[in-house]
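Please open the structure in your viewer and keep the selection tool at hand. This tour moves from one selection to the next and says what is found at each stop.

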Amino acid sequence: MSRPYLRIRRRTLPGLALAILVCGAAAAARTSETRLSARPGTVVRWSASATEECRADGRSFLPHGEICYFPIDLERTGEMTIERVRAGTTERAVVAIGDYPYTVQHVTLPTDRHVELSPQDLARSERERERVEALWTRAGPRRFDLPIARPLARLSSQGSFGKRRVFNGQPRSPHSGEDYRASAGTPVSAAAPGVVALAEEHFFGGRSVFVDHGDGLVSMYLHLSEILVEVDQEVKAGDLVGRVGATGRASGPHLHFGLRWRGARVDPAVLLAAE
């Protein structure tokens with residue numbers, strides 16, 4: 001029998017910013033608590049044989065095979081306690097979340113309509129925000145595998161995830177998705193199997209599609225020129241959901257692709273398949 005061991009690695013799939021911990025049963029018995037580190041907007045991957053359950057923030061969920069995934073929100077700070085259950089034994093780790101690592105992005109819009117909102121536009125954006133935020137608590141079995149598929153045939157990233165945005169000189173919230181350069185009309189595909197949870201035009205996001213993939217993972221496709229799916233429609237990875245546009249608060253044609261996993265805003269590069 002091989003010796004039990006405790007090993008921490010830092011990267012697996014290309015672009016995957018994950019902390020990985022693998023330990024044998026004897027090592028777990030000697031170690032009551034493990035310390036890991038991660039940056040905001042990434043995912044902690046905790047792997048060990050015979051893992052039965054994962055826990056964090058008062059919630060429990062099933063592992064992917066024998067792997068527990070713990071998404072770290074873009075603006076989370078401090079520490080996060082995570083647990084897993086193996087053969088009836090609970091193991092615990094504390095994740096130290098690093099400083100906010102993202103820079104500032106200045107965006108020039110042709111008008112100030114999406115910066116200084118009228119009372120009517122503000123009321124509309126609030127109604128839309130409430131509908132979108134209701135998606136972050138949806139529950140259901142996992143319907144996806146990792147890594148997920150690319151939403152465009154060719155990804156040309158602008159490196160905008162997490163950047164604190166300034167529109168026409170006015171600071172706004174951090175950018176919670178990634179922007180990919182593409183010509184207007186470029187086909188946009190679902191990144192994983194799921195069901196369309198929202199498909200409508202929004203003040204900020206323009207023509208938008210949100211797909212629920214189960215296990216709390218929701219993908220979003222914003223600023224589309226055309227929506228090609230309907231609410232409650234089942235989609236597979238690669239199915240067409242829309243076409244690239246510049247609707248809503250956009251300075252030109254591009255795809256805003258975002259991911260929320262159990263409510264946490266995570267960098268799409270962490271979960272996407274390599275090119």
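Begin by selecting helix H2, residues 119–133, which has 15 residues and reaches 21 Å from its first C-alpha to its last, close to the 21 Å expected at 1.5 Å a residue. Bear in mind, here and at each later stop, that this is a predicted model.

Within H2, next highlight Asp-121, Ser-125, Glu-128 and Val-132, which are the buried residues of this helix. If you turn the view to look down the axis of H2, these buried residues fall within an arc of 65 degrees, so they line one face of the helix. On the face turned away from that buried side, select Pro-119, Gln-120 and Glu-130, which are exposed.

**Stop two: what the helix packs against**

In strand E15, pick out His-202, which counts as buried because its relative accessibility is 7%, under the 20% cut-off. Leaving aside neighbours within four places in sequence, His-202 is in contact with Arg-124, Glu-128, Arg-131, Val-132, Ser-208, Phe-210 and Gly-248.

**Stop three: a strand with two partners**

Finally, select strand E19 (residues 240–244) together with strand E14 (residues 187–189), which run antiparallel and are joined by three bridges; here Ser-189 stands opposite Leu-240 of E19. Then bring in strand E17 (residues 217–227), which pairs with E19 in the antiparallel sense, also over three bridges, and find Ile-227, whose bridge partner in E19 is Gly-242.

Note on methods:
Residues numbered from 1 in each chain as written. Predicted model: local features only at pLDDT ≥ 70, side-chain atom pairs only at ≥ 80, totals over all residues. Heavy atoms only, no water. Pairing = 2+ DSSP bridges. Helix = DSSP H or I, 4+ residues; strand = E, 2+ residues; numbered from the N terminus. Expected span 1.5 Å × (residues − 1). Buried < 20%, exposed > 50% of the residue type's maximum accessible area, 1.4 Å probe, protein only. Arc of directions from axis to C-beta. Contact = heavy atoms within 4.5 Å.
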